[in-house]
Amino acid sequence: MRCLTLIFALTFACATADAQTAPLALAADAAQGQSYTLSIQILVLMTLLTLLPAAILSTSAFVRIIIVLSILRQALGTAQTPPNQVLLGIALFLTFFVMSPVISDINQTAATPYINGELSAPEALANGIQPLRQFMLDQTRDGDLQLFASIAGLTDITSVDQVPFSIVVPSFMVSELKTAFQIGFLVFIPFLIIDLVVSSVLMSMGMMMLSPMLISLPFKIMLFVMVDGWALLLGTLASSFYT
């Protein structure tokens, strides 16, 4: 909550720092030209806040976790069980667990100093981005960074510290998608083998009118429960993030 408060406070501070009391949309400023009035800045702020959840989820561990859980449900063949709300809840709280060191660093280096008045809004924002940037770089493949850097025309980058944040975010998302599908492939294999075995047995018995999914579903659920699948999968997902 303190980190969310920091984000809102930083955005609001940046939006109202140069606000004018004039009733017009634009107020003249002799030193800096012209600036938007408070009402316009608040309108822009509320518009940006609608994009904040998507931005936070795209720069955290949520993407990898929710994709792997969705592939698991598809592999089990249980349709809408667990329901979407349950999968989202699991992914959200596991994301908080994985991101807790990053959130703690942001709280210590940016949120608390800003609330205490020790840092200005731009300084706190710069300090708060650094732990998140380092987390994303730890999960991002060098090939993805090079891909987006070449697309942006940045050929003079010699180290990851020089990569701008606008390159880090898409590179991180592509790497997360690739890693999530790799984990999902490994999760899918055991259940696919059960489907093949059940389908072969039914065909050998001449029971071609019986759906193999109907017979294989109890075996897949039993296998998943016997190996303590939820604890194994969630523990593997949590430990798959490099810190």
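**View 1. Phe135 and the residues around it in this predicted model.** Skip the neighbours within four places in sequence, and Phe135 is in contact (heavy atoms within 4.5 Å) with Thr59, Ser60, Ala61, Val98, Met99, Val102, Phe172 and Phe241. Phe135 and Ile65 touch the most other members of the largest nonpolar core, which has 38 residues. Such a core is a set of buried Ala, Val, Leu, Ile, Met, Phe, Trp, Tyr and Cys residues joined through side-chain atoms within 4.5 Å.

**View 2. Helix H5 from end to end.**

**View 3. Lys220, a buried lysine in helix H8.** Lys220 counts as buried because its relative accessibility is 0%. Beyond the neighbours within four places in sequence, Lys220 is in contact with Ala75, Leu76, Gly77, Phe191, Ile194, Asp195 and Met213.

**View 4. The second largest pocket.** Its volume is about 260 Å³, taken as the space filled by probe spheres set on grid points joined across faces, edges and corners. A pocket here is an open set of points on a 1 Å grid over the protein atoms alone, with protein on both sides within 12 Å along at least five of seven lines; lining residues have an atom within 4 Å of a point. Of the 13 lining residues, Val187, Phe191, Phe224, Val227 and Leu232 lie nearest the centre. H7 (165-204), H8 (212-226) and H9 (229-239) each supply at least two residues of the lining, and H7 gives the most, with five. The lining splits into 11 nonpolar (Ala, Val, Leu, Ile, Met, Phe, Trp, Tyr, Cys, Pro), two polar (the others, Gly among them) and no charged (Asp, Glu, Lys, Arg) residues.

**View 5. The whole chain, for context.** The protein chain has nine helices and two strands, taken as DSSP runs numbered from the N terminus (H or I, at least four residues; E, at least two). Buried residues make up 34% of its 243 residues.

**Notes.** Residues are numbered from 1 along each chain as its sequence is written, and side-chain values use heavy atoms, with hydrogens and water left out. Because the model is predicted, local features need pLDDT of at least 70 and side-chain atom pairs count only at pLDDT 80 or more, while totals for chains, interfaces and linings use all residues.

Conventions:
On a 1 Å grid over the protein atoms alone, a cavity is a set of points where a 1.4 Å probe fits but cannot get out, and a pocket is an open set with protein on both sides within 12 Å along at least five of seven lines; lining residues have an atom within 4 Å of a point. Buried means under 20% relative accessible area, exposed over 50%, partly exposed in between (1.4 Å probe, protein chains only). The expected span of a helix is 1.5 Å times one less than its number of residues.
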